[in-house]
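Hi,

Here is the structure I promised to pass on. Have a look at it first, and my notes follow below.

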Amino acid sequence: MSALRETFINELRRIDSLSQISSVLGWDEQVNLPSSEASSSQRSSQSSALAEMVHREFTGSAFSDLLKRLEDETDEPDKDLEIILREVRRDLHRAQKLPNEFVARKAAHESSTYHVWKNAREKNDFAAFAPALDKTMQFAREEAAYGGYGENPYDYHLDKHDPGMDACAIGKLFDDLQIGLVLLAEQILSLSEETAIPELKGFPKDKQETFLREVVESLGFDFTRGRMDVAVHPFCSGNGSDTRLTTRYDSDNPLDSLFSAIHEAGHGLYEQGLPHKWLGTPLGEAAGMGVHESQSRIWENQVGRSPAFWNRWEPRFREIFREPLADISSEQLFLAINKVSRNPIRVDADEVTYNLHVILRFELEQALFAGDLKVEDLPSAWSEKAEKLLGLQPTNDSEGVLQDVHWSGGAFGYFPSYCLGNLLAAQLWEKAMKEDVPDPSDSSKLLSWLQLKVHRHGKRMNLLELTENATGDSLGPRCLLQYLESRYLSLYRKTN
Ligand code: ZN
């Protein structure tokens, strides 16, 4: 590597280190921060100062000059460097359009809004959150106006999470999915509503933690390079050198903590599987949030809810939770794990109805950005869409519009990534099971296969390119619909 290339990579890593500090502060805010107004206000100032510093360092003339000198270098082209330059140019082009003071103002607002949302959610009070959310929307519009977009400011935010995607392409995929899914979900729901599925209650939290740590470690998560804590809304942050997972515990809902932990561990396995030698550069970063979600969802659902997985883990689960499982048969336990029901909460939703929750949020975000929906009217619009798509209405704001953390942090355009991730997860699973990893109980083989097909590429390919490369097919709903039908329709038909 030439001296200039080395200087450039080192500078990129130095700026990335500042972003990593910001990420640790964000993790700390959700895991450890005291609840006082003074604490959150101080954290908001810290986040804002750091965001402004990262932006200034990245968009400053020193870094741009270095990039220009490297582009003018006449050394032999290097494929890895070409991809790094392509991605850095893309990010820089976008970042340079955002004024420093805007970045600082937006970060301060988003940090303080998290606490407004948390309090409003506890009190079921959307009106207490609406003014802050309205301001967040204004920031999102302002950012899109600075950054530039094709048809709709929403496209700017979608592209930020999944490079190359826009509302038109996502809308087409979701329309195709919705046609098959609404029908299939109705069939499965009518069968499941006639099935007696036990409630799992009275599972001590400390024992839940013991069990899920064993599970997460056995999937291949390296606890010497990561940790797991508790947060209101489970998430994964950090990178492959220090991966932070979170989950939450409810003694009357042990499957929530378990599947949240497996989901976040799936994100963590992706981070830990990215090429270590390229950390701090785009080749050591995830391809986008859709690909990230494909990794969490494949472990959570295709693996974690499979018969093979529970053949392996049921004896240990019963050993730890002898009492609460005493009257529950294996068949009943498996039904509880694969329960399909009308649920107002996205993160608690089964995988059959889950994508309808995402489509609901995608349609609302589209309407907000198009100016067809005002923030203050979100609760009623939410109820209307929930009735249409899920066949239910939330009984309060916490079950509806306040349930997710995303909008409090300005993460508009993120929700579609969950569904895009589900589409990819189903395609990867079909490819793996049919061709390369025929034994689904062997999670280490599946992990190696995912590392080969997905993790090692970093940002080399975007979601659509990676799907074609890994599965030989374009991204679409066929595999997901077939997978849901074969897993759930046959399970409930067998039971009834
Ligand atoms: Zn996720």
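This is a predicted model: local features need pLDDT of at least 70, side-chain atom pairs count only at pLDDT 80 or more; totals for chains, interfaces and linings use all residues.

Helices α2 and α5 cross in a right-handed sense. Helix α2 covers residues 37–59 and helix α5 covers residues 100–122; they pack at an angle of about 150°, and their axes are 8 Å apart. Since angles over 145 degrees count as roughly antiparallel, that makes α2 roughly antiparallel to α5.

If you want to click through the contact, α2 brings S40, R43, S44, S47, S48, A51, E52, H55, R56 and T59. From α5 come N100, V103, A104, A107, A108, S111, S112 and H115. Sorted by class, the α2 contact with α5 has 10 polar residues, five nonpolar and three charged.

Helix α5 also packs against α6, which spans residues 126–147. Here the axes come within 10 Å and cross at roughly 150°, so α5 and α6 are roughly antiparallel to each other too. What is the handedness of the crossing of α5 and α6? That one is left-handed.

On the α5 side, the residues touching α6 are F102, R105, K106, H109, T113, V116, W117 and A120. On the α6 side they are A128, F129, A132, K135, T136, F139, E142, E143 and Y146. By class, the contact of α5 with α6 has nine nonpolar residues, five charged and three polar.

Now for the strands. Three of them form an open sheet with mixed pairing, in the order β1-β3-β2. The edges are β1 (226–230) and β2 (236–239), each of which pairs on one side only. From one strand to the next, the twist averages 15°.

Strand β3 takes in residues 242–247 and runs antiparallel to β2, with four bridges joining the two. If you'd like a residue pair to look up there, C236 has L245 in β3 as its bridge partner.

Cheers

Methods: Residues are numbered from 1 along each chain as its sequence is written. Side-chain values use heavy atoms; hydrogens and water are left out. Two strands pair if DSSP finds at least two bridges between them. Axes are lines fitted to C-alpha atoms, for helices over the stretch in contact, and angles run from 0 to 180 degrees between N-to-C directions. Angles under 35 degrees count as roughly parallel, over 145 as roughly antiparallel, 65 to 115 as roughly perpendicular and the rest as oblique. A crossing is left-handed if the near helix is turned anticlockwise from the far one by less than a right angle, and right-handed if clockwise. Contact means heavy atoms within 4.5 Å. Ala, Val, Leu, Ile, Met, Phe, Trp, Tyr, Cys and Pro count as nonpolar, Asp, Glu, Lys and Arg as charged, and the others, Gly among them, as polar.
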